[in-house]
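Please look over the sequence and the three-dimensional view before reading on.

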Amino acid sequence: MSTDTAEYDLVVRGNRIVTTAGTVAREVGIRDGRVVAIEPLGNGLAGREVIELTDDQVMIPGLVDTHVHVNEPGRTEWEGFESATRAAAAGAVTTLVDMPLNSIPPTVDREALRLKREVAAPKAHIDVGFWGGAVPGNKDQLRGLHDDGVFGFKCFLLHSGVDEFPALTVDEMQEDMAELATFDSLMIVHAEDACSIDHAPEPTGADYAGFLASRPRGAENKAIADVIERARWTGARAHVLHLSSSDALPMIASARRDGVKLTVETCPHYLTLLAEEIPAGGTAFKCCPPIREASNRELLWQGLLDGTIDCIVSDHSPSTIDLKDVENGDFGVAWGGVASLQLGLQLIWTEAKKRGISLEQVLEWMSANPAKLAGMTRKGRIALGFDADFAIFEPEAAQVVDVHRLHHKNAISPYDGRALAGVVSGTWLRGRKVDFETPHGRLLRRGEA
């Protein structure tokens, strides 16, 4: 480390820097929180601080996670900005976008957004943006929330799990989509059909097969078809959240060929876990839509590789341990959500390596593409003019997950005890290392990130 007077605040040098030109030997110069120079290794950029990477280390762009339930204010015992942003930073995530539920109040009007920003501001260890909510009766709030900087609007097509964030009917979704189209905002949709699930068997007890039957693929497929058609009719931009049913991939691909403005995400749990391996009473694995079978998982990977699925984000949806009903293991009672915010990169890298998929491709799915989804123009890449958000990753190292050493608030995760490839050895936000003690994240507004 150098302390000489220098041209740059920080210089990172190494043989493995992930840039838009691939993984190359470079020196990266950072000034005032931005990447301002990328030169061949050996050019001798001088910085007040210099990081020399070993051959085992890779400089990667910070991940952008656009699907995180922080739950503060109102349900901070589930998760809060302090714990969530620490967990994110420990997992190489430098930007997250918070969902409009399960906080109380939900982010469905300007005052609720103001309150959430006020609570988050002193606690954010990484940069944080916000989605707004689209619920029955708040259409007149959508433009104001957009003007106040939300990145788009989330709706449910069935009960959300919390009464204060009610679902839209498909017709109400269409009406709100038409409104969003007037100012080019984005509707992001939890796409499961309420009627289909009402007609499915009730989930009870410890048998995962019973829970899986209660959330059939058909419910997801029907709702995605509705999203596609209403986006087609209104011209609005739409995004399918947490895709788990591979059956929907052909109609998604067809809609996109037709010019429907549609994007799609999936999550680490759908790409790494298997219904066939979930133990009886394993309620840490419960999420909605559910983790499905091995054949389904492989088709989701294919959907990523052929570009039908755009990105991988966490859908970190934590709760208190008692709400997961671990004592009884009843899938009908337990809260549905997987806690994985800190582990996404290692989870996906572990599976990607088995399939011969490059780290650069993983980072497109987990960094560049989520940033593009949210309209962020300075996040998701190590490139000139971008924020100097990065992590040092050791892809050949390994770790075993210990849930009690993760930073999220409640020590429960389906990955406890799982061996993973890759270790994050440090994370930097705008050129400043995250120290997990002093929060220096910023609150982001649409159009300013």
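**A guided reading of the model**

In this predicted model, strand β7 (residues 93-98) is largely enclosed by the rest of the structure, because six of its six residues are buried. Strand β7 has a partner in strand β6 (residues 63-68): the two pair in the parallel sense over four bridges. Within this pairing, V64 stands opposite T95 of β7. In general, the strands of a sheet pair through backbone hydrogen bonds, and the pairing may be parallel or antiparallel.

Strand β6 also contains T66. Because its relative accessibility is 1%, and buried means under 20%, T66 counts as buried. Which residues are in contact with T66, once its neighbours within four places in sequence are left aside? They are V97, M99, W131, E265, V313, P370, L373 and A374.

Helix α3 (residues 139-147) comes next, and D147 lies in it. Is D147 buried, partly exposed or exposed? With a relative accessibility of 45%, which lies between the limits of 20% and 50%, D147 counts as partly exposed. By contrast, L142, G144, L145 and H146 of α3 are buried. The cover over the buried residues of α3 includes helix α2 (110-120), strands β9 and β10, and helix α4 (170-181). An α-helix has 3.6 residues a turn, so residues three or four places apart point the same way. After α3 comes G149, which has a positive phi, near 105°.

D147 and I224 are 77 residues apart in sequence, and their C-alpha atoms are 28 Å apart in space. A6, in the segment before β1 (8-19), is 43 residues from E49 in sequence, with 8.7 Å between the two C-alpha atoms. Not counting residues up to four places away in sequence, A6 touches A46, G47 and R48.

The cysteines deserve a separate look. How many disulfides does the structure hold? The number is zero. C155 is in no disulfide, and the nearest cysteine sulfur, that of C267, is 16 Å away. C155 counts as buried because its relative accessibility is 0%. C267 is likewise buried, with a relative accessible area of 0%.

The chain has 12 helices and 17 strands. UniProt, in an unreviewed entry, places the feature "domain: Amidohydrolase-related" at residues 58-434. This span is 33% helix and 18% strand, and its end C-alpha atoms lie 17 Å apart.

The overall dimensions can be compared with a simple expectation. For 449 residues, a compact globule would have a radius of gyration near 22 Å; the chain has 21 Å, so the two agree. Along the principal axes, the C-alpha atoms fill a box of roughly 70 × 45 × 45 Å. Of the 449 residues, 61% count as buried. The accessible surface of the chain is about 16300 Å², and carbon and sulfur atoms account for 48% of it. Finally, among contacts in the chain with a separation of 6 or more, 74% are between residues 24 or more positions apart.

Terms used
Residues are numbered from 1 along each chain as its sequence is written. This is a predicted model: local features need pLDDT of at least 70, side-chain atom pairs count only at pLDDT 80 or more; totals for chains, interfaces and linings use all residues. Side-chain values use heavy atoms; hydrogens and water are left out. A disulfide is a pair of cysteine sulfur atoms within 2.5 Å. Buried means under 20% relative accessible area, exposed over 50%, partly exposed in between (1.4 Å probe, protein chains only). UniProt positions are given in the numbering used here, feature names are shortened, and annotations may be inferred rather than shown by experiment. The radius of gyration is taken over C-alpha atoms; the globule rule is 2.2 Å times the number of residues to the power 0.38. Contact means heavy atoms within 4.5 Å. Accessible areas come from the Shrake-Rupley method with a 1.4 Å probe; for residues, only the protein chains shown count as cover. Two strands pair if DSSP finds at least two bridges between them.
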